[in-house]
Amino acid sequence: MEFSSGRARLKQGRLAGDRRELYPHSLQFYLEPPTESISLVEFESFAIDRLKLLKVVENLGVSHVRGSDTYKTKLESELRKLKFPYKALAEDDYEARRKDHISHFILRLAYCQSEELRRWFLQQEMDLLRYRFNELTDGLRQKFLEHVNLSFEAISEDLKSELANELCASTPGLGMIKVKEQMFYKVGLADAVDLFRARRVFIKDGFAYVPLKEIDAIVLNNYRTKLSKALALSMIITWAFSFSIPSGSLKSSIN
């Protein structure tokens with residue numbers, strides 16, 4: 001990520017043409033850092049807005065039940081106000097998706113400096129992802145899983161009807177009516193070990209049949225692992241960079 005004037009960025013955008021293919025989904029795991037130029041003004045603005053958003057996520061998690069109607073309404077309102085992606089179906093939110101991507105990496109660098117900061121950042125980002133994931137439609141949820149290389153396939157209604165008795169018996173808290181209403185995913189056993197050990201899913205031929213209410217836990221665990229490693233790597237890179245510049249060079253540059 002480099003710094004440039006706002007005018008230069010606009011010119012770059014025109015030369016690059018339509019770059020919406022960079023963000024095919026409103027949701028991501030932030031696996032690739034941004035490579036484009038960005039102005040100092042935009043850098044500061046993005047960082048402040050991301051921090052405001054995560055503070056709202058933190059406060060709502062304390063004052064409201066996560067996933068409740070009030071929680072979702074207030075969080076969507078904040079996403080709208082700060083111009084972050086809030087409706088997965090929107091096709092004209094390229095700038096919001098770009099802001100979401102860049103601002104995440106700015107705060108990742110700022111919050112990798114200590115264990116306490118990393119823990120706080122990780123928790124808020126996970127709560128934000130949970131909200132966004134659960135707001136996706138069935139079709140977009142499937143596309144997102146494919147996008148982040150989680151090969152979880154939603155089972156057909158015919159297969160669900162065929163396995164209804166087994167799903168009902170193996171999934172705590174779901175009666176037959178709920179089983180018929182709930183979407184189930186066919187998940188490799190390695191990704192559903194915790195649910196298998198807790199006897200919360202039906203197992204057949206090496207696959208776990210996971211209800212939608214449990215699939216977000218698997219997605220979030222996957223995201224937590226990736227983001228935790230990324231934060232640790234960011235800390236190492238930041239530490240190495242700070243020691244790669246001799247203090248004398250800094251003084252001479254300042255003078």
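Student: Which residue lies over the face of Phe133?

Tutor: A charge counts as over a ring if NZ of Lys or CZ of Arg is within 6 Å of the ring centre and within 35 degrees of the ring normal. Here Arg141 sits over the face of Phe133, 5.5 Å from the ring centre. Lys99 does likewise over Phe84, at 4.8 Å. Mind that this is a predicted model: local features need pLDDT of at least 70, side-chain atom pairs count only at pLDDT 80 or more, and totals for chains, interfaces and linings use all residues. Residues are numbered from 1 along each chain as its sequence is written, and side-chain values use heavy atoms, with hydrogens and water left out.

Student: And how many aromatic pairs are there?

Tutor: You describe a ring pair by the distance of the centres and the angle of the planes. Rings of Phe, Tyr and Trp (its six-membered ring) pair if their centres lie within 6.5 Å; planes under 30 degrees apart are stacked, over 60 edge-to-face, the rest tilted. That gives seven pairs. Phe202 and Tyr209 are tilted, because their planes are at 40 degrees, with centres 5.8 Å apart. Ring pairs also join Phe29, Phe133, Phe144 and Tyr223 into a cluster.

Student: Are Phe202 and Tyr209 buried or exposed?

Tutor: Buried means under 20% relative accessible area, exposed over 50%, partly exposed in between (1.4 Å probe, protein chains only). Phe202 is buried at 12%, and Tyr209 is buried at 5%.
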